[in-house]
Amino acid sequence: MSNQPLPGSELFDGVSGQELFSVNMGLTYRDFLVLPGYIDFNPSDVELETKLSKNISLKRPLMSSPMDTVTESEMAIAQALMGGIGIIHYNNSIDEQVDLVRKVKRYENGFIKDPILLSPEHTLADLDAVKEKYGFSGIPITEDGTARTKLVGIVTNRDVDFERDRDIKLGKVMTTELITANVGISLQEANNILRTSKKGKLPIVDKQGKLVALICRSDLKKNKEFPQSSKDDQKRLRVGAALSTLPESRDRMAALAEVGVDAIIIDSAQGNSSYQMEMIHWIKSNFPNIDVIGGNVVTKAQAANLIAAGADGLRIGMGPGSICITQDTMAVGRAQATAVFKTAEYAQAHGVPVIADGGISNIGDIANALAIGASMCMMGSMFAGTKEAPGEYFYENGIRLKKYRGMASLEAMSKGGDKRYFSESQKIKVAQGVSGYVVDKGSVLNLIPYLVQGLRQSFQDMGFRNIPDLHKALREGKLRFERRTESAQAQGSVHGLYSYTKPSMRAE
């Protein structure tokens, strides 16, 4: 912020964040602009590393919402590869949610400490079942199919691709001439062996020849292609999962912890409840190494209660989502920009990051959310309709679409979405969301780089190289804002044309 006017100077335009949000009126992201700063760096110099929660840092401030038409394992894998994180929804059984989390944690690893194993007596049909469930088929073979006995072979696609008889035992097709490494080898040394041997997998064995770990060549390629990916200390992709405050969530929590979930979001439309505070306290008491994000909240008082209960992060928003009708139906909620600023202001003083959830439809909304204190932006509609979102594409009037629904739509509530609205036991359901359709956006792996580049250019215009510096300027009143009227909003968008082609965010 060098070459910026000093506070008190006649050149110091605009108002501080505190002044902007002191008006007794709720503001959205479109109601204000950040005034430009001083540029002495390129967009490529901008670093977007941020905090998801007290103990988890990510390279990108983007995450996908725990909605059953947005985030399952494929979306969560893509988000983590691109430096963010996906939150697996809970509109499913415990086993189904655990399986989705497991798929993410197994997708990319350094040393895989608990690889799937089969025995020589298993068949190609058993191998097919593993591939269908976990998405891979390169399986180590031990004498009895467990880690208790000696490694005797490995089966890959090359061994079985042209076998029509799926009842053939793996002992007849497995590769037995193996290149292995001894336990204690470093990851770098193991990677070098993979490079020189040109093998797809490297088993790590102990002195008795028992398999203790596995390294995959495909992971080396992923590390090169996705250097910003979100990983835990075991080099596995990070993933979060949603829980309700119902008693069954305690069993769900225990099962998710066992497969290595990184963060838990208590998914409630109105998070300021005794039920949520009890759940946060129970999780932190029983699983202290897993960060818990509470919410949703929109006021300082709500934030204070959840932080006091032990929340490591807060999710902000009540009614701003494109498929949410809570504010209209319940007459309760808060304009999203005001909610984010007020809660972030309080939470920051307690070292708790906040997630702006909802109301984001373009790059400018993301930039504004970060500028007023958010550390992360959670999006549903932005990522709905992408290749990685759950559901099948279909055509209507020649346009390729996917379903997108609110978790409070009648359709989603029938599957369990009502858990977040404290209405699961009610005979009469009052919808606080709708179901709809969104246009195909292509792959998230192409969409996110577009969003990130736009954010970097926005940060350059604001005059900041990273999120911590942006938040510091916000707290000190050096980041300046200005309200804008409806006519200013209209003038700031496309106007005066007979027709035009709107820039597409579709990832080709």
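Mentor: Let us start with Gln460, which is found in helix H16. Keep in mind that this is a predicted model.

Trainee: What does Gln460 touch?

Mentor: Leaving out residues up to four places away in sequence, Gln460 touches Ile39, Phe41, Asn42, Pro43 and Val46.

Trainee: Helix H3 holds Asp99 and Lys103. How do you know that their side chains meet in a salt bridge?

Mentor: The cut-off is a side-chain nitrogen of Lys or Arg within 4 Å of a carboxyl oxygen of Asp or Glu. For Asp99 and Lys103 the N to O value is 4.0 Å, and the pair is listed as a salt bridge. Asp99 and Lys103 are 4 residues apart, about one turn of the helix.

Trainee: And why do Asp99 and Lys103 get the accessibility labels they have?

Mentor: Asp99 counts as buried because its relative accessibility is 15%, with the buried limit at under 20%. Lys103 has a relative accessible area of 25%, so Lys103 is partly exposed.

Trainee: What makes Asp128 and Arg166 a salt bridge that ties together separate parts of the chain?

Mentor: Their side chains meet at 2.8 Å, N to O. Asp128 lies in helix H4 (residues 124-134) and Arg166 in the loop between helix H5 (157-160) and helix H6 (170-173), so the pair ties together parts that are 38 residues apart in sequence. Asp128 counts as partly exposed because its relative accessibility is 30%, and Arg166 counts as partly exposed because its value is 23%.

Trainee: How do you know that Asp440 and Arg400 form a salt bridge?

Mentor: Their closest N and O atoms are 3.1 Å apart, and the cut-off is within 4 Å. This pair links distant parts of the chain: Asp440 is in the loop between strand S19 (435-439) and H16, while Arg400 is in strand S18 (residues 399-405), 40 residues apart. Asp440 is buried because its relative accessible area is 6%, whereas Arg400 counts as partly exposed because its relative accessibility is 32%.

Trainee: How many salt bridges does a search of the whole structure find?

Mentor: The search finds 21 salt bridges.

Trainee: Let us turn to rings. How many aromatic pairs are found in the whole structure?

Mentor: The search finds 5 aromatic pairs. One of them is Phe21 and Phe32, 5.8 Å centre to centre with 75° between the planes.

Trainee: What makes Trp282 and Phe287 an edge-to-face pair?

Mentor: They are 5.8 Å centre to centre, with 65° between the planes, and the angle limit is over 60 degrees. Trp282 is buried, and so is Phe287.

Trainee: Which residues do ring pairs link into a cluster?

Mentor: The cluster is made of Phe21, Phe32, Phe341 and Phe481.

Trainee: Last one: why does Glu486 get its accessibility label?

Mentor: Exposed means over 50% relative accessible area. Glu486 stands at 70% relative accessibility, so Glu486 counts as exposed. Glu486 is found in helix H18 (residues 486-491), and the unreviewed UniProt entry includes Glu486 in its "binding site" annotation.

How values were computed. Residues numbered from 1 in each chain as written. Predicted model: local features only at pLDDT ≥ 70, side-chain atom pairs only at ≥ 80, totals over all residues. Heavy atoms only, no water. UniProt positions renumbered as here; feature names shortened; annotations may be inferred. Helix = DSSP H or I, 4+ residues; strand = E, 2+ residues; numbered from the N terminus. Buried < 20%, exposed > 50% of the residue type's maximum accessible area, 1.4 Å probe, protein only. Contact = heavy atoms within 4.5 Å. Phe/Tyr/Trp six-rings, centres within 6.5 Å; stacked < 30°, edge-to-face > 60°.
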